[in-house]
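Reader: I'd like to learn how to read helix packing in a model like this one. Could you walk me through it?

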Amino acid sequence: MPFKKSLERTPWWLVTIIIIALVLLWNMVSEQSYQRIAGALSEGLLTTIGVTFAAFILASLLGLLIALAGFSRHRILREFARFYVEIFRGVPVLVLLFYIAFVGAPEMVKLYNWALQMPIEAGWIEKARTRDFTLLWRAIIALAISYSAFIAEVFRAGIQEVGKGQIEAAKALGLSNWHRFRLITLPQAMRKILPPLGNDLVAMIKDSALVSVLGVQDITQLGKVFSSSTFQFFETYNVVAFMYLVLTLSLSLMIRAFEAHLRRNDHH
C-alpha cells in the first residue's frame, strides 16, 4: 500500500528531532524566561558562527597546501606533510587550544618582534604585545590548525581519485603543473571533496564550543555565565542545545541534499 510504503520511508529520527526543536522553539516564543535567555545568548550565536567559518576557511586553505605538499616531487615536503598530518590528528582539540593560547601565541609574538626588530627600533612599526593577540583569534587559529590535518587528508583522497590518464593527457597537451591542477585535477576532485568537507564543517561547529574554556563569548560561554547568575540551568542549556541543534541539523540536511544532487548528476 502507498501509505504503508510512505511510512517505511519516513525518517522518524528526523521527525522526532523536529518535534523536539518545535517544542523548544514554542517555549522560547511563549515563555518570558526563555525569551530572556535567547536574547542573552544571541550575541554568542554570532560569535560561534564567526569563529566556525573563519577557522574553517583557514583550515581549508592550510589543508589544501599540506595535501599538495604531500604530492610534491621533493621528499622533504612530502615528509613534512606527513609529519604535520600525523601530529595534529593525534593531538586533542582542547589540548591544542590551550597550547596555542598560552604557548604558541606568546612565541609567535616573540618571533614577530625578532623578525621585525630593525623597523621596530627605527620607530616605523610598533612592537607587538602578547595581549594584542586576542583569545578569539588564538581559538580560531587553534581550530584551523587542528582541522587542517583532517581536511588535508580529504583533499589528498579527492585528488587521488582523479584518473592518471587525464593527467597524462594534459601533460601531452603541454599544460603546466598549475594549469593541470586548476583545470583538470581540482574541478574533478571537488565533487568528491565537498561532501566530507561539509561533514568537517558540522563537526567544527560542535567543537567550537571548546573555545569557551578560553573565555571566548560564544553560545556555551554565555550560557554558562547566564545560568550561573540566574540558576536557570535547565532552561539555559535547553536554549544552548537548541541553538547548536539548529546550526548542525540545518547544515547536515543541506549537505545531504547536495550529495543527492551530485549522485543524480553522476547517473545522468
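**Reading the helices**

Author: Let's start with one span: residues 83-105 are 91% helix and 0% strand, and their end C-alpha atoms lie 21 Å apart. Keep in mind that this is a predicted model.

Reader: Where does that span come from, and which others go with it?

Author: From a record. An unreviewed UniProt entry lists residues 12-29, 49-71, 83-105, 135-155 and 236-255 under "transmembrane region". Take residues 49-71 as another case: that stretch is 96% helix and 0% strand, with its end C-alpha atoms 33 Å apart.

Reader: What is the mean pLDDT of the protein chain, and where is confidence lowest and highest?

Author: The chain averages 84, and 87% of its residues reach 70 or more. Confidence is lowest in helix H1 (residues 2-9), with a mean of 58, and highest in H4, at 93.

Reader: OK, on to packing. At what angle do the axes of H4 and H7 cross?

Author: For a pair of helices, look at the axis approach and the angle, then the handedness, then the residues. Helix H4 (residues 75-90) and helix H7 (residues 135-160) have axes that come within 8 Å and cross at roughly 125 degrees. That angle makes H4 oblique to H7. The crossing in which H4 passes H7 is left-handed.

Reader: Which residues make that contact?

Author: H4 brings Arg82, Tyr84, Val85, Phe88 and Arg89, while H7 brings Ile145, Ser146, Ser148, Ala149, Phe150, Ala152, Glu153 and Arg156. Sorted by class, the contact of H4 with H7 has seven nonpolar, two polar and four charged residues.

Reader: H7 also meets H5. Is that crossing left-handed or right-handed?

Author: Right-handed, as H5 passes H7. The axes of helix H5 (residues 93-115) and H7 come within 9 Å and cross at roughly 130 degrees, so H5 and H7 are oblique to each other. On the H5 side you'll find Val93, Leu96, Leu97, Ile100, Ala101 and Ala105, which meet Arg138, Ala139, Ile141, Ala142, Leu143, Ile145 and Ser146 in H7. The contact of H5 with H7 divides into 11 nonpolar residues, one polar and one charged.

Reader: What about H3 and H10: how do their axes cross?

Author: Helix H3 (residues 32-70) and helix H10 (residues 219-230) have axes that come within 7 Å and cross at roughly 150 degrees. Angles over 145 degrees count as roughly antiparallel, and H3 and H10 are therefore roughly antiparallel to each other. H3 passes H10 in a right-handed crossing.

Reader: And which residues are in contact there?

Author: Arg36, Ile37, Ala40, Leu41, Glu43, Gly44, Leu45 and Thr48 of H3, together with Ile219, Leu222, Gly223 and Phe226 of H10.

Conventions. Residues are numbered from 1 along each chain as its sequence is written. This is a predicted model: local features need pLDDT of at least 70, side-chain atom pairs count only at pLDDT 80 or more; totals for chains, interfaces and linings use all residues. Side-chain values use heavy atoms; hydrogens and water are left out. Axes are lines fitted to C-alpha atoms, for helices over the stretch in contact, and angles run from 0 to 180 degrees between N-to-C directions. Helices (H or I, at least four residues) and strands (E, at least two) are DSSP runs, numbered from the N terminus. Angles under 35 degrees count as roughly parallel, over 145 as roughly antiparallel, 65 to 115 as roughly perpendicular and the rest as oblique. A crossing is left-handed if the near helix is turned anticlockwise from the far one by less than a right angle, and right-handed if clockwise. Contact means heavy atoms within 4.5 Å. Ala, Val, Leu, Ile, Met, Phe, Trp, Tyr, Cys and Pro count as nonpolar, Asp, Glu, Lys and Arg as charged, and the others, Gly among them, as polar. UniProt positions are given in the numbering used here, feature names are shortened, and annotations may be inferred rather than shown by experiment. pLDDT is the predictor's confidence in each residue, from 0 to 100.
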